[in-house]
Amino acid sequence: MNREPRWAVFFTVLVALVAQALPLWPWLDNVRPSFIALVIIYWGIFAPHAGGIFAAWLAGLALDVFKGEVLGQNALAVALLAYIAISLHQRLRNQTLVQQSLFVFAMLTFNELVVWAIEGWSGKAVSTQWRWIQPMIGAMLWPFIALLLGRTHSRS
Amino acid sequence: MAVFGSGGGRNLGGRGPSFGFRFFCYAVISVVLMFYDKRGGWLETARYGLQAAIYPLQLAVNSPSAAWRWTRENFATRESLQREVDALRMQLRDQQLVTMRQAALQAENATLRGLNATQPEVIEKRLVGEVVNVETSSMRQRVLVNRGGNSGVHPAQPVITGDGVLGQVLRIGPFSSEIILLTDSEHALPVQVLRSGVRTIALGTGRGTLLELPYVPQNYDVKVGDLLVTSGLDQVFPYGLPVARVTSVTRDPAEPLAKIQAATLARIDAEREVLFVWARANHPASPATPEALAVEAPQQ
């Protein structure tokens, strides 16, 4: 039972953090999806016990520190994603990648909504229309990310 | 929520509290964090430590571009280096011409002001830092510099480059500091038109080197090409640091205010080295103090 891919979770979250913080050209930066959210959704579905909500929360907090956002903003949003993915993991596991993509799209949009709402509350004045494109890009990337992450652990 | 609760609670339970309860706890912690982060205070200390923890990762993120720069610099051809040296030599000569009469001008200035001795330079101390990470999206224009609290850097410290004002320190860690550029759309800088003395506020736009001056009435004296310098009224920057040059002035008779745009003198994207500066206290050009800015109550 204690064969949870904890190290895989740790390293993939780290890679996602780097991927998200990597300085890019502004046009590419605008369409960059939340890799942290994608990775957390994946682990929520396929290894709900490995990292759980705590790993998600910590990853979100790291992102907050990294990006200099209000502490707890991404932590809350990502923990929420992990919670929903874990709650629905048995149903989602048996879906095809395309069906999962639809769920991921909804989740990423929800994530943006939460972050956007918190930004609004905390008084961040500026936003960009591009952020509503990002979930779509993320959903399109989902099959590849799911296949890639599937190689890091043995599926039960 | 009932669906989530039953799925998470029953089937996965047996190992501590249910996922729903755990999530609730993390949500509460997050909200508390957000609340105190906005309020300031003890969380600043926590953030200071977290910055140190995350700094290696920030360096790692920057390593590809650093490696690329290193490679390019090391494989630079002799001709290109020669060209660079020539350009720098020429620049040095020009600068020398500009500063040649500085001592004489300072003495003259002191005489005009009725002072016995010349004032020392307003910038008392400076510290060179290297940019390790740049973020220039339309929403955020920030750079990370490899100097922090351990080097004496403090929040709201002016940061300049050889060309002009770059921004100010937003947040510090022990080894690093985050600098908000003056082009960030959340940044506003009190400036003064050097030629006419008009004072206003330059707002960042999030686009390239562009600044906007939205609060200048139609009839104020601002022209294209005017140099904007810091006015010192923000209690952060000393007076007279070059900021930007006015690039366009549009006066629409229907509007009460003129539309003015300016381009920063500092090359926002290209800068690798920045200067943290400490202004001398009690200097005529040092940042205004709250007492000096306080409006006195009218005498009865």
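In chain B of this predicted model, six strands close into a barrel in the order β1-β2-β5-β4-β3-β12, with antiparallel pairing. From one strand to the next, the twist averages 45 degrees. Helices (H or I, at least four residues) and strands (E, at least two) are DSSP runs, numbered from the N terminus, and two strands pair if DSSP finds at least two bridges between them. Axes are lines fitted to C-alpha atoms, for helices over the stretch in contact, and angles run from 0 to 180 degrees between N-to-C directions. Residues are numbered from 1 along each chain as its sequence is written, while chains are lettered from A and ligands numbered from 1 in the order in which they are written. Because the model is predicted, local features need pLDDT of at least 70 and side-chain atom pairs count only at pLDDT 80 or more, whereas totals for chains, interfaces and linings use all residues.

B:Leu144 belongs to strand β2 (residues 141-145) of chain B, and its bridge partner in β5(B) is B:Glu178. B:Leu144 counts as buried because it has 27 C-beta neighbours inside 10 Å; a residue is buried if 20 or more other C-beta atoms lie within 10 Å of its own, exposed if 12 or fewer, and partly exposed in between, with C-beta atoms placed from the backbone. Apart from neighbours within four places in sequence, B:Leu144 is in contact with B:Gln58, B:Val132, B:Asn133, B:Ser176 and B:Glu178, where contact requires C-beta atoms, placed from the backbone, to lie within 7 Å. Helix α3(B) lies across β1, β2 and β4 (165-172) of chain B, at about 60 degrees to β1(B).

Another six strands of chain B close into a barrel in the order β6-β7-β8-β11-β10-β9, and the pairing is antiparallel. Here the twist averages 40 degrees from one strand to the next. Strand β10 (residues 242-250) and strand β11 (residues 259-264) of chain B run antiparallel and are joined by six bridges. B:Ala244 stands opposite B:Thr264 in β11(B).

The contact between the chains takes 34 residues from chain A and 40 residues from chain B. On the side of chain B that touches chain A, the elements giving two or more residues are α1 (2-11), α2 (19-39), α3 (42-74) and β1 (123-136). The residues of this side comprise 17 nonpolar, 14 polar and nine charged; Ala, Val, Leu, Ile, Met, Phe, Trp, Tyr, Cys and Pro count as nonpolar, Asp, Glu, Lys and Arg as charged, and the others, Gly among them, as polar.

In chain A, the buried residues of α1(A) are A:Val9, A:Thr12, A:Val13, A:Ala16, A:Leu17, A:Gln20 and A:Ala21. Seen down the helix axis, they fall within an arc of 165 degrees, so they line one face of α1(A); the arc is that of the directions from the helix axis to the C-beta atoms. On the other side of α1(A), A:Trp7 and A:Phe11 are exposed. The cover over the buried residues includes α3 (35-46), α4 (52-67) and α8 (134-150) of chain A, together with α3 of chain B.

Helix α5(B) is hardly covered, as the count of buried residues among its twelve residues is zero. Just after α5(B), B:Gly114 takes a positive phi of about 75 degrees.

Terms used
Contact = placed C-beta atoms within 7 Å.
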